[in-house]
Amino acid sequence: MSTDRPPLPPYTKESAIIKVRAAEDGWNSCNPEKVSLAYTIDSKWRNRAEFINGRPAIVAFLTRKWHRELDYRLIKELWAFTDNRIAVRFAYEFRDDSNNWFRAYGNENWEFDEHGLMRARHACINDLPIAEADRKFHWDRSGPRPADHPSLSDLGF
């Protein structure tokens, strides 16, 4: 069985956009095991002040994350790319178990291996408390963001 995760590097603008949307759709599934398959076995992450190494640690991290961040909805947008690297900006909304809403903003730098698996992810993230009425990400949690939903740029973020 192939371990390729297309699109593969080197990236073009079009293939980088496809890769970013695939990552967004995966994370919006809130399925840690499924999401972890986009990363190399020994993938290295920096997520805020946490350093994560390898798929088992990725699954554990995402399980904790989505246990705390309820009603999670994420939008990613391509910022820049080179042969095997992609930079994105993103925002996501979630609520905690006390029904306090937040919007998190950030940037990620990704590096891929020749199979299109992410071997490095560096994330910088800031949280902003928001009122429920100020939420902008509205789509059914049973699937990915609809194609006609506004992008980050469309929303002015």
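The following legends describe close-up views of a predicted model.

This is a predicted model in which local features need pLDDT of at least 70 and side-chain atom pairs count only at pLDDT 80 or more, while totals for chains, interfaces and linings use all residues. Residues are numbered from 1 along each chain as its sequence is written, and side-chain values use heavy atoms, with hydrogens and water left out.

View 1. The model contains 1 cavity of 30 Å³ or more, and the largest cavity holds about 60 Å³ of space. A cavity is a set of points, on a 1 Å grid over the protein atoms alone, where a 1.4 Å probe fits but cannot get out, and lining residues have an atom within 4 Å of a point. Grid points are joined across faces, edges and corners, and a volume is the space filled by probe spheres set on the points. The lining consists of Trp27, Asn47, Lys65, Tyr72, Leu74, Lys76, Phe90, Tyr92, Glu108, Arg121 and Ile125. Two or more lining residues come from each of strand 3 (70-81), strand 4 (85-95) and strand 6 (118-130); strand 3 gives the most, with 3 residues. Helices (H or I, at least four residues) and strands (E, at least two) are DSSP runs, numbered from the N terminus. The lining divides into 6 nonpolar, 1 polar and 4 charged residues, where Ala, Val, Leu, Ile, Met, Phe, Trp, Tyr, Cys and Pro count as nonpolar, Asp, Glu, Lys and Arg as charged, and the others, Gly among them, as polar.

**View 2. Surroundings of tryptophan 27.** Tryptophan 27, one of the residues lining the largest cavity, is found in helix 1 (residues 13-28). Its relative accessible area is 5%, so tryptophan 27 is buried (buried means under 20% relative accessible area, exposed over 50%, partly exposed in between, with a 1.4 Å probe and protein chains only). Beyond its neighbours within four places in sequence, tryptophan 27 is in contact (heavy atoms within 4.5 Å) with Val35, Tyr39, Trp45, Leu62, Lys65, Trp66, Tyr72, Leu74 and Arg121. The C-alpha atoms of tryptophan 27 and arginine 73 lie 8.6 Å apart, although 46 residues separate the two in sequence.

View 3. The structure holds 14 salt bridges, each a side-chain nitrogen of Lys or Arg within 4 Å of a carboxyl oxygen of Asp or Glu. In one of them, aspartate 71 pairs with arginine 95, the closest N and O atoms being 2.6 Å apart. Aspartate 71 lies in strand 3 and arginine 95 in strand 4, so this pair ties together parts 24 residues apart in sequence. Aspartate 71 is partly exposed, with a relative accessible area of 30%. Glutamate 108 and lysine 76 form another salt bridge, with 2.7 Å between the closest N and O atoms. Because glutamate 108 belongs to strand 5 (residues 101-112) and lysine 76 to strand 3, the pair ties together parts 32 residues apart in sequence. Both glutamate 108 and lysine 76 are buried.

**View 4. The largest pocket.** About 220 Å³ of space lies in the largest pocket, a pocket being an open set with protein on both sides within 12 Å along at least five of seven lines. Of its 14 lining residues, Arg5, Lys19, Ala22, Ala23 and Ala38 are the closest to the centre. Helix 1, helix 2 (32-36) and strand 5 each give two or more residues to this lining, and helix 1 gives the most, with 5 residues. The pocket lining divides into 10 nonpolar, 1 polar and 3 charged residues.
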